[in-house]
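The following exercises ask the reader to work through a protein structure step by step. Each task is followed by a solution.

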Amino acid sequence: MAYKITENCAACGTCIDECPTGAISAGDIYKIDPNACADCGTCADACPMGAIEQA
Ligand code: SF4
Ligand code: SF4
């Protein structure tokens, strides 16, 4: 199971620096590569918009 980023993403960039596996890529809405996500939850805790949830 991986985490995913919802449309609530404000593209603030906080999560991308927090991910230990480099699974997050930037964009209008940031994305998580499910194959690279280690399911650690760090990004979800760091997101100020509450935009990251378990898929
Ligand atoms: S921390 Fe949240 S709002 Fe900011 S880029 Fe990541 S998913 Fe989007
Ligand atoms: S849950 Fe962990 S490994 Fe997966 S995208 Fe978030 S910070 Fe990266």
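This is a predicted model: local features need pLDDT of at least 70, side-chain atom pairs count only at pLDDT 80 or more; totals for chains, interfaces and linings use all residues.

**Exercise 1. A second residue with a positive phi**

Task: Carry out the analysis for Ala 11, and determine its loop, its phi angle and its accessibility.

Solution. Ala 11 is found in the loop that lies between strand E1 (3-5) and helix H1 (14-18). Ala 11 is not a glycine, yet its phi is positive, at about 55°. With a relative accessible area of 32%, Ala 11 is classed as partly exposed. Ala 11 also belongs to the lining of the second largest cavity.

**Exercise 2. Buried or exposed?**

Task: Decide whether each of Thr 6, Lys 31 and Asp 33 is buried, partly exposed or exposed.

Solution. The limits come first: a residue is buried under 20% relative accessible area and exposed over 50%.

- Thr 6 has 17% relative accessibility, so Thr 6 counts as buried. Its place is in the loop between E1 and H1.
- Lys 31 has a relative accessible area of 57% and is therefore exposed. Lys 31 is found in strand E3.
- Asp 33 has a relative accessible area of 36% and is therefore partly exposed. Asp 33 is found in the loop between strand E3 (31-32) and helix H2 (42-46).

**Exercise 3. The largest cavity and its ligand**

Task: Which ligand sits in the largest cavity, and which residues lie nearest the centre of this cavity?

Solution. The structure holds two cavities of 30 Å³ or more. The largest cavity has a volume of about 80 Å³, and ligand 2 sits in it. Its lining consists of 13 residues, of which Cys 19, Cys 37, Ala 38, Cys 40 and Cys 43 lie nearest the centre. By class, this lining divides into ten nonpolar, two polar and one charged residues.

The shell around ligand 2 is considered next. It has 13 residues, and those that come nearest are Cys 19, Cys 37, Ala 38, Cys 40 and Cys 43. Nine residues of the shell are nonpolar, three are polar and one is charged. For Cys 40, the relative accessibility is 46%, and so Cys 40 counts as partly exposed.

**Exercise 4. The second largest cavity and its ligand**

Task: Which ligand takes up the space of the second largest cavity, and how is the lining of this cavity divided by class?

Solution. The second largest cavity holds about 70 Å³ of space, and this space is taken by ligand 1. Among the residues that line the second largest cavity are Ile 5, Cys 9, Cys 12, Tyr 30 and Ile 52. The lining has ten nonpolar residues, one polar residue and no charged residues.

Ligand 1 is surrounded by 13 residues, and the closest are Cys 9, Ala 10, Cys 12, Cys 15 and Cys 47. This shell has eleven nonpolar, two polar and no charged residues. Cys 47 has 16% relative accessibility and therefore counts as buried.

**Exercise 5. Cysteine pairs**

Task: How many disulfides does the structure hold?

Solution. For a disulfide, two cysteine sulfur atoms must lie within 2.5 Å. The structure holds zero disulfides.

Notes. Residues are numbered from 1 along each chain as its sequence is written. Chains are lettered from A and ligands numbered from 1 in the order in which they are written. Side-chain values use heavy atoms; hydrogens and water are left out. A residue is near a molecule or strand if one of its heavy atoms lies within 4 Å of it. On a 1 Å grid over the protein atoms alone, a cavity is a set of points where a 1.4 Å probe fits but cannot get out, and a pocket is an open set with protein on both sides within 12 Å along at least five of seven lines; lining residues have an atom within 4 Å of a point. A molecule sits in a cavity or pocket if more than half of its atoms lie within 2 Å of its grid points. Ala, Val, Leu, Ile, Met, Phe, Trp, Tyr, Cys and Pro count as nonpolar, Asp, Glu, Lys and Arg as charged, and the others, Gly among them, as polar. Grid points are joined across faces, edges and corners, and a volume is the space filled by probe spheres set on the points. Buried means under 20% relative accessible area, exposed over 50%, partly exposed in between (1.4 Å probe, protein chains only). Helices (H or I, at least four residues) and strands (E, at least two) are DSSP runs, numbered from the N terminus.
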